[in-house]
Amino acid sequence: MSVVDLSALKGGLKELPPLSLYAHFPWCVRKCPYCDFNSHEPKNGFDEMAYVEAMLRDLECSLPDVWGRPLTSIFMGGGTPSLFSPQAMDAFLAGVRARMKLHPDAEITMEANPGTFEIERFRGYREAGINRLSIGIQSFNPRHLQSLGRIHDGEEARRAVDIALTHFDNVNLDLMYALPGQTLDEALSDLETALSCGITHLSAYHLTIEPNTLFAAQTPRNLPDDEASADMQEAIEARLAAAGFEHYETSAFARPGRRSRHNLNYWQFGDYVGIGAGAHGKISSHQGATREMRYKQPAAYLKAVRDGEPRQSRQAIAREDLPFEFMMNLLRLTGGFETRLFQERTGLPLSAIQQPLAEAEAQGLIERDLRAIAPTLKGQRFLNDLLTLFLPSARD
Ligand SMILES: C[S@@+](CC[C@H](N)C(=O)[O-])C[C@H]1O[C@@H](n2cnc3c(N)ncnc32)[C@H](O)[C@@H]1O
Ligand code: SF4
């Protein structure tokens, strides 16, 4: 039994962590049957400029909590942000710059869906200051795209990547594997196509059947079994390593120097303001950290902004939850983390987690020296078991 000992805790953070901005764009042309993100089919269209203005007013509500801190990255996620015009994105980014300091080489990413690609738009996004694209390809195989209910076919997917690479030199593709009826060769063929495009980053997600999705109600019968999925995962990891991609997080692979700085800030337990419908944020002060959540339904969110309080909830992270919350992020990183980061980001001394660390090491789930702590291959495969050791309830 492991013990998280917090008795040694004195006070909060000496230095505040880096700060990034997440902006949520909640609409999609069509809801995908596997997706549990906060995404909605607009029944009667939507007013993009009204939404941009709402997000900027929303941002203003958080300014007193992050006063003077520069943004190191911005991520425009969804939903489908590429449904918004370049003019709307330009207005949004100009509004952010007018309200907050932006680090000179800030990473500014936008998610895009291949069904929404037109060459002119992407020049406009680049000119608005977006310098990284993340494209939800999922697969290049028409049969699998259809079974996933995607609005694009394989040809459009390829064309989208070509257009993206005309204007952007930093491009991520999302692929999913373990798709209904998918073979190992088909998964690898998707990967070959992705690699042949000249991308800098790849995210490979195992298809998960999420509760409250169409796939949960009508689960496809021909999903690959655990053994077949594990073979796909191993083959994908091996192929990406051979192509020079670093596997730095559970599902993330990057060419050297091209790791997602925005996502790394989450995984290193950094701070982020989350604006837009349903967005989550985490903001530290010298006293501790607070989690925030915006109203989820776009209409409720827009009304809440008009009423002057877009945050549906704000809650301090309890001191006893900090070790688990920290580890839940940091142990996703295959290379682990520098030991000093634990105290820097939680304000707790490392001695507070000596016992669960010792237990994790004894079980072969982590390896450590004076400088760093990293999950072993076993720890990466059994991440949930590893994290459980850091739960406050592990004390009982
Ligand atoms: C927030 S989504 C947005 C991307 C964009 N809307 C699109 O789908 O083209 C980010 C990524 O999460 C992945 N994803 C979504 N639902 C998933 C699920 N149930 N299982 C595995 N990956 C999933 C997809 O690869 C998707 O591209
Ligand atoms: S396009 Fe992306 S965010 Fe929208 S429903 Fe599909 S997976 Fe979800």
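Predicted model: local features only at pLDDT ≥ 70, side-chain atom pairs only at ≥ 80, totals over all residues.
In soluble globular proteins, nonpolar side chains tend to be buried together. Here the largest nonpolar core has 65 residues, and Met-76, Phe-92 and Leu-173 have the most contacts inside it. Helix α1, residues 48-62, gives the largest share of this core, six residues. What does Phe-92 touch, leaving out residues up to four places away in sequence? Its contacts are Leu-21, Ala-23, Phe-25, Val-52, Met-55, Leu-56, Met-76 and Ile-275. A second, separate core has 36 residues, including Ala-279, Phe-337, Ile-353 and Ile-373.

Next, ligand 2. Among the residues around ligand 2 are Cys-28, Cys-32, Cys-35, Arg-30, Lys-31 and Arg-150. The shell divides into four nonpolar, four polar and three charged residues.

Now the salt bridges. The whole structure has 23 of them. In one, Asp-65 pairs with Arg-314, with the closest N and O atoms 2.8 Å apart. This pair links distant parts of the chain, 249 residues apart: Asp-65 lies in the loop between α1 and β2, and Arg-314 in strand β12. Are these two residues buried or partly exposed? Asp-65 has a relative accessible area of 31%, so it counts as partly exposed. Arg-314, at 45%, is partly exposed as well.

Another salt bridge joins Arg-340 and Glu-338, at 3.0 Å from N to O. Arg-340 is partly exposed at 46%, and Glu-338 is partly exposed at 35%. Finally, salt bridges with shared partners join Asp-58, Asp-65, Glu-292, Arg-294, Glu-309, Arg-311 and Arg-314 into one network.

Conventions. Residues numbered from 1 in each chain as written. Chains lettered and ligands numbered in written order. Heavy atoms only, no water. Core = buried A, V, L, I, M, F, W, Y, C linked by side-chain atoms within 4.5 Å. Buried < 20%, exposed > 50% of the residue type's maximum accessible area, 1.4 Å probe, protein only. Helix = DSSP H or I, 4+ residues; strand = E, 2+ residues; numbered from the N terminus. Contact = heavy atoms within 4.5 Å. Near = heavy atom within 4 Å. Nonpolar A, V, L, I, M, F, W, Y, C, P; charged D, E, K, R; others polar. Salt bridge = Lys/Arg side-chain N within 4 Å of Asp/Glu carboxyl O.
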